[in-house]
Amino acid sequence: MAKMKKSSTRIDMTAMCDVSFLLLTFFVLTSTAKTPEVYPVDLPASTKETKIPSDDILSITVGQENVFIGLAGREDRIDVLNRMGQEYNIEFTKEEQNTFAGMENFGVDIREMKSLLAKPSSERMKKELHKGIPYKDSLNNQLSSWVQKARESSWQRKESFLKVAIKGDANEQYGTIKEIMDILQKQRQNRFYLVTGLRSDDF
Amino acid sequence: MAELNTGGNEGKGGKKVRSKKQNAGVDLTAMVDLAFLLITFFMLTTSLSKPQSMDLTMPDKLEEPDPTKIQDAKASKTMTILIGKDRKLKYYMGLLKEPYQGVGPTDTPYGKEGIRQVILQKMANLRAAGHEGKDGIVVLIKATEDATYTDMIDILDEMAITGVEIYALQDMTEDEKAVMQ
């Protein structure tokens, strides 16, 4: 009886495994971890595909008439915080500065910043603590101060112009957005990036 | 499918002590599966996480406009889009009081069949008269306070889609507010 040839059905996967792990490593390293946001918003969709620059950018999140700020870069954040501290006569310790450097975005009154920074990291991003940055009162327009300090910081340290991105909630009233734009325009910050989501092509 | 038992377990009561042929290859199927799953995940998240944006430059408000630079835009070239509450949308050409060709603010829906057709139509008319690009249509976008941000983005998006070169966001006048009531 002729012996049936037992051909192996298995494929050598070593090479495939190598390649896939190489790719995996690449993607893991290149992707930036998505940091938790204090106030996640639904972005309106558009067909424009201009990418937002990642350096020297201040993002203003607007949702339900509250405003939250996000700054890019650890060094920038510390510098801007110190400038704000000078303006409002608050001194921040080294630890507080480091804690602040780890916060991607926030929405608190500068006078409550110290107590926020003293909180443990698990509680710091809780929504209840971030009530929004005051901007409606013209005597206590902290949004305006933050933008101004951030602009000063990026110009004096790096000689680059700060870019401002506005992340508005899709259901936000236009009036609120306009108010924010007016605050920015008072400082002659006339150029914004309006952050939008992607819309399908057949719109 | 993947086998768990590799390596011979067959000779239980083995009489002959054979030198066991150890299978040197490890089954990599599961590992490759996992690796590809993770690759897919990271590929999708990296490309999606960077949000899109729209560039918007507003005219400087503090600077006094130079009277010599103010241009008179023709009524036939100026289109005003009014955005109101509950996705209400109107447009008119020329001035509100004396609109171009006597057609006052007209309702139109959003999107492909609505405002886009209107804009493209006007652009085509102007092109036929030799006005194109920067010399072409001027669109003024005015929104009421209770319009939503989405409405504004939608209209700005239409500008990008139709390729209108000159457009501006402006404050609504009282008369226009009355029209949008």
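Predicted model: local features only at pLDDT ≥ 70, side-chain atom pairs only at ≥ 80, totals over all residues.

User: Why is chain A called more spread out than a compact globule?

Analyst: The radius of gyration is taken over C-alpha atoms, and the globule rule is 2.2 Å times the number of residues to the power 0.38. For 203 residues the rule gives 17 Å, but chain A has 23 Å, well over that, so chain A is more spread out than a compact globule. Along the principal axes, its C-alpha atoms fill a box of roughly 100 × 45 × 35 Å.

User: Why is G102(A) called exposed?

Analyst: A residue is buried if 20 or more other C-beta atoms lie within 10 Å of its own, exposed if 12 or fewer, and partly exposed in between; C-beta atoms are placed from the backbone. G102(A) has 12 C-beta neighbours inside 10 Å, so it counts as exposed. G102(A) sits in the loop between α3 (94-101) and β5 (105-106) of chain A. Across chain A, 33% of the 203 residues count as buried.

User: What makes R188(A) and D86(B) worth a look?

Analyst: Both have a positive phi without being glycine: near 60° for R188(A), about 50° for D86(B). R188(A) lies in the loop between α7 and β7 of chain A. D86(B) lies in the loop between β2 and β3 of chain B. R188(A) has 12 C-beta neighbours inside 10 Å, so it counts as exposed. D86(B) has 8, so it counts as exposed too.

User: How do you know that β3(A) and β4(A) pair?

Analyst: Two strands pair if DSSP finds at least two bridges between them. Strand β3 (residues 57-63) of chain A and β4(A) have 6 bridges, in the antiparallel sense. G70(A) has N105(A) as its bridge partner in β5(A).

User: Why is β4(A) called mostly covered?

Analyst: Strand β4 (residues 66-71) of chain A has 6 residues, and 5 of them are buried.

User: What makes β4 and β6 of chain B edge strands?

Analyst: The open sheet has 5 strands in the order β4-β3-β2-β5-β6 (chain B), with mixed pairing. β4 (106-107) and β6 (166-170) of chain B each pair on one side only. Inside the sheet, β2 (residues 78-83) and β3 (residues 89-93) of chain B run antiparallel, joined by 5 bridges.

User: How do you know which parts of chain A touch chain B?

Analyst: Two residues are in contact if their C-beta atoms, placed from the backbone, lie within 7 Å. The contact takes 45 residues from chain A and 39 residues from chain B. The elements of chain A giving two or more residues are α1 (14-30), β2 (50-51), β6 (163-168), α7 (174-186) and β7 (191-198). The largest share, 10 residues, comes from α1(A). β2(A) also pairs with strand β1 (residues 52-57) of chain B, antiparallel over 2 bridges. There, T50(A) has S53(B) as its bridge partner.

User: How do you know that α3(B) has close to its expected span?

Analyst: The expected span of a helix is 1.5 Å times one less than its number of residues. Helix α3 (residues 149-162) of chain B has 14 residues and reaches 20 Å from its first C-alpha to its last, close to the expected 20 Å. Of those 14 residues, 10 are buried, which makes α3(B) mostly covered.

Key: Residues numbered from 1 in each chain as written. Chains lettered and ligands numbered in written order. Helix = DSSP H or I, 4+ residues; strand = E, 2+ residues; numbered from the N terminus.
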